[in-house]
Amino acid sequence: MKNICFVIHNIQCGGGTERVGTRIANELARRGYKVSIISYDAKKESFFPLHESITTGVMLSNILERRTRKFRKYASWKLRRFLLKNQIDLVIDIDTYHALWTWPAIKGTGIRWISWDHFNFNYMIQQFARLEAINLVEHHANKLVLLTDEDRATYLEKTNIQPEFIQRIYNPLSFEEPQYVKRPAKKVVAIGRIDYQKGFDLLLQSWRLVEQQIDDWSLEIVCGYGDWNALQQEAVSIGLKHVVCSPPTKDVRSKYAEAGIYAFSSRFEGFGLVLTEASTMSLPMVSYECPVGPGEIIEDGKNGLLVEPENTVQFAEKLIWLMRHDKERYAMGRQAFEMAKRFSLNTIIPQWIELIENV
């Protein structure tokens, strides 16, 4: 079995990318693979629990290393030393951006390389460094893993990358529930880091419209990294009465369990992991049909409701409709639970193992 090293930006972060990366790494370790995870930049231990057999490392481990003028070259040198010392057979980048130091680190070593994109093509081309990374992946990696069919089609349309070079593998569920549970709570939940991408400013605009018609439902925004107090103050400043912004938590499952609807307000995504999490927790969803991901997870009117991107009025209308139609809301929750099964770990991990063994 191959000796695998995952390369991640910062293992101490608690976002969806880190959750999925450690989930796959843990399962491979559980199945007997020798697994390492090395962070580009980290100060603390992993935010998410790791299998006891997993080895960890850091490229830039102190302030002097981070501030050196040639920090990228230094990171590549430390990564190369780590890979050779641990006799790594295969590197899996958790984000194509890591190509900037992975390729120099493995060049000439014979180590195989899979690049795993956690954003989408249109996001990647907005930044010069990410364009540079894609070019390195195209010419030197052994495989590119994408999260959606929509993004795969875009890559094939807008680049010279060949179809056989790309493999689409959906993100697995972060956790799985054994059965459908009716969710009668009059609470809407949204989870994610505080960032323009996540669109919480749009969600607050929609919620202002909701509060004009509904007075017995609340909204909780569970924040990842970012200033959640500032978001709370923003909600207060625009006159919202039933909004709570809370800090990061490792127990996201309980946040879904306390809710009756999931709200997804992102302007763009790489997949939309929280949608599959909400699904397995039997929650119907209201989501912008942003690029990319929601359209491959939500079947409009069946397990949730899709909204025109950034249309805050329509988003509020869909939320209000679900709040006022209990029977339909519960039915969508049941369908969400059933449809989440296609993202189970037992469905996704064999795809990774087949790729790893044949790359």
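Colleague: What makes strand E8 (residues 187–192) and strand E11 (residues 261–264) a pair?

Modeller: In this predicted model, 2 bridges join E8 to E11. Two strands pair if DSSP finds at least two bridges between them, so E8 and E11 count as paired. They run parallel.

Colleague: Which residue of E11 is the bridge partner of Val188?

Modeller: Ile261 is the partner of Val188.

Colleague: Where do E8 and E11 sit in their sheet?

Modeller: The order is E10-E9-E8-E11-E12-E13. Those 6 strands form an open sheet with parallel pairing.

Colleague: Why are strand E10 (243–246) and strand E13 (304–307) called edge strands?

Modeller: Each of the two pairs on one side only. On average, neighbouring strands of this sheet are turned by 20° against each other, direction ignored.

Colleague: What does pairing in a sheet rest on?

Modeller: Strands of a sheet pair through backbone hydrogen bonds, and the sense is either parallel or antiparallel.

Colleague: How do you know that strand E1 (residues 3–8) pairs with strand E2 (residues 34–41)?

Modeller: E1 and E2 share 6 bridges, in the parallel sense. At least two bridges are needed, so the pair qualifies. One example: Val7 has Ile38 in E2 as its bridge partner.

Colleague: What sheet do E1 and E2 belong to?

Modeller: An open sheet of 7 strands, in the order E3-E2-E1-E4-E5-E6-E7. The pairing is parallel. Strand E3 (55–60) and strand E7 (166–168) are its edge strands, each pairing on one side only. From one strand to the next, the twist averages 25°.

Colleague: On to the cysteines. How many disulfides does a search of the whole structure find?

Modeller: It finds 0. Cys13, for instance, is in no disulfide. The nearest cysteine sulfur, that of Cys223, is 15 Å away.

Colleague: Why is Cys13 called buried?

Modeller: Its relative accessible area is 19%. Buried means under 20%, so Cys13 falls in that class.

Colleague: And what makes Cys245 buried?

Modeller: Cys245 has a relative accessible area of 3%. That is under 20%, so Cys245 is buried.

Colleague: What makes a space a cavity rather than a pocket?

Modeller: A 1.4 Å probe fits in a cavity but cannot get out, whereas a pocket is open.

Colleague: Which residues line the largest cavity?

Modeller: Tyr180, Lys182, Arg183, Gly260, Ser282, Pro284, Arg329, Tyr330 and Gly333. They divide into 3 nonpolar, 3 polar and 3 charged.

Colleague: Why do Lys182, Arg183 and Arg329 belong among the charged residues of that lining?

Modeller: Lys and Arg count as charged, so Lys182, Arg183 and Arg329 do too.

Colleague: What surrounds the second largest pocket?

Modeller: It is lined by 17 residues. Arg19, Arg23, Phe48, Pro49 and Ser174 lie nearest its centre. Helix H1 (16–30) and helix H10 (252–257) are the elements that give two or more residues to the lining. H1 gives the most, with 6 residues. By class, the lining has 6 nonpolar, 4 polar and 7 charged residues. About 330 Å³ of space lies in this pocket.

Key: Residues are numbered from 1 along each chain as its sequence is written. This is a predicted model: local features need pLDDT of at least 70, side-chain atom pairs count only at pLDDT 80 or more; totals for chains, interfaces and linings use all residues. Side-chain values use heavy atoms; hydrogens and water are left out. On a 1 Å grid over the protein atoms alone, a cavity is a set of points where a 1.4 Å probe fits but cannot get out, and a pocket is an open set with protein on both sides within 12 Å along at least five of seven lines; lining residues have an atom within 4 Å of a point. Helices (H or I, at least four residues) and strands (E, at least two) are DSSP runs, numbered from the N terminus. Axes are lines fitted to C-alpha atoms, for helices over the stretch in contact, and angles run from 0 to 180 degrees between N-to-C directions. Grid points are joined across faces, edges and corners, and a volume is the space filled by probe spheres set on the points. A disulfide is a pair of cysteine sulfur atoms within 2.5 Å. Buried means under 20% relative accessible area, exposed over 50%, partly exposed in between (1.4 Å probe, protein chains only).
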